[in-house]
Amino acid sequence: MFMGEYQHSIDDKGRIIIPVKFRDLLGTSFVVTRGLDQCLFAYPKEEWAIMEQKLKSLSLMKSDARAFTRFFFSGATECEWDKQGRVNLPGNLREYAKLEKDCIVLGVSNRMEIWSKNMWNEYFQQSEQTFNDIAEKLVDLNFDL
């Protein structure tokens, strides 16, 4: 399971070092795509296959399903480590997530997320104020801590 928060940097060639703990979970080859909230999602191949099956089950007759599937798959790319444990993130994904130098790498259960440090700090400050409201809504979905 992916968990934790780590600070890393992207070098001038668009490469980022991923925490060793996460490398073990991702395997030698994994999928990176556009995520929600303007970050990147990275999935081990097994988890990506599960996501792919879920998205394939959506009806093509629904425009929202088509739009989300396009969004998710069009940005997807398979990545591998170099000998120094770095991953070269494609320019279109770096641009989408506004990744320039300082980044935050998060573990979120079945995936890893990569955020620009500024975007993460802004998101976290905004979300922190509403976590109690979100927790109450989760209870309505039969989820309790």
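Helix 2 and helix 3 are roughly antiparallel to each other, a label given to angles over 145 degrees, whereas those under 35 count as roughly parallel, 65 to 115 as roughly perpendicular and the rest as oblique. The model is a predicted one, in which local features need pLDDT of at least 70 and side-chain atom pairs count only at pLDDT 80 or more, while totals for chains, interfaces and linings use all residues. Residues are numbered from 1 along each chain as its sequence is written, and side-chain values use heavy atoms, with hydrogens and water left out.

Two packed helices are described by the angle between their axes and the distance between the axes. Here, the axes of helix 2 (residues 45–56) and helix 3 (residues 63–74) cross at roughly 155 degrees and come within 11 Å. Axes are lines fitted to C-alpha atoms, for helices over the stretch in contact, with angles from 0 to 180 degrees between N-to-C directions. Helices (H or I, at least four residues) and strands (E, at least two) are DSSP runs, numbered from the N terminus. The crossing of helix 2 past helix 3 is left-handed, that is, the near helix is turned anticlockwise from the far one by less than a right angle. Helix 2 brings Trp48, Met51, Glu52 and Leu55 to meet Phe68, Thr69, Phe72 and Phe73 of helix 3, where contact means heavy atoms within 4.5 Å. Sorted by class, this contact has 6 nonpolar, 1 polar and 1 charged residues.

The largest nonpolar core has 21 residues, and Ile18, Leu89, Met112 and Ile114 have the most contacts inside it. Such a core is a set of buried Ala, Val, Leu, Ile, Met, Phe, Trp, Tyr and Cys residues joined through side-chain atoms within 4.5 Å. Two or more residues each come from helix 1 (20–26), strand 3 (29–34), strand 4 (40–44), strand 7 (102–109) and strand 8 (111–116). A second, separate core of 13 residues includes Val31, Tyr43, Leu106 and Trp115.

Leaving aside neighbours within four places in sequence, Met112 is in contact with Phe2, Ile18, Phe22, Leu26, Leu40, Phe41, Ala42, Val105 and Leu106. Ile114 is placed in strand 8 and counts as buried because its relative accessibility is 2%; buried means under 20% relative accessible area, exposed over 50% and partly exposed in between (1.4 Å probe, protein chains only). With the neighbours within four places again left aside, the contacts of Ile114 include Ile16, Leu89, Leu99 and Cys103. Ala42, in strand 4, is buried as well, at 1% relative accessibility. Although Ala42 and Cys79 are 37 residues apart in sequence, their C-alpha atoms are 9.2 Å apart in space.

Most residues other than glycine have a negative phi. Asp37, however, has a positive phi near 60 degrees; this residue sits in the loop between strand 3 and strand 4 and is partly exposed at 47% relative accessibility. Lys98 also has a positive phi, near 55 degrees, and belongs to the loop between helix 4 (91–96) and strand 7. At 46% relative accessibility, Lys98 counts as partly exposed. Lys83, in the loop between strand 5 (77–80) and strand 6 (86–88), is exposed, with a relative accessible area of 89%. The C-alpha atoms of Lys83 and Arg34 are separated by 25 Å.

How values were computed. Ala, Val, Leu, Ile, Met, Phe, Trp, Tyr, Cys and Pro count as nonpolar, Asp, Glu, Lys and Arg as charged, and the others, Gly among them, as polar.
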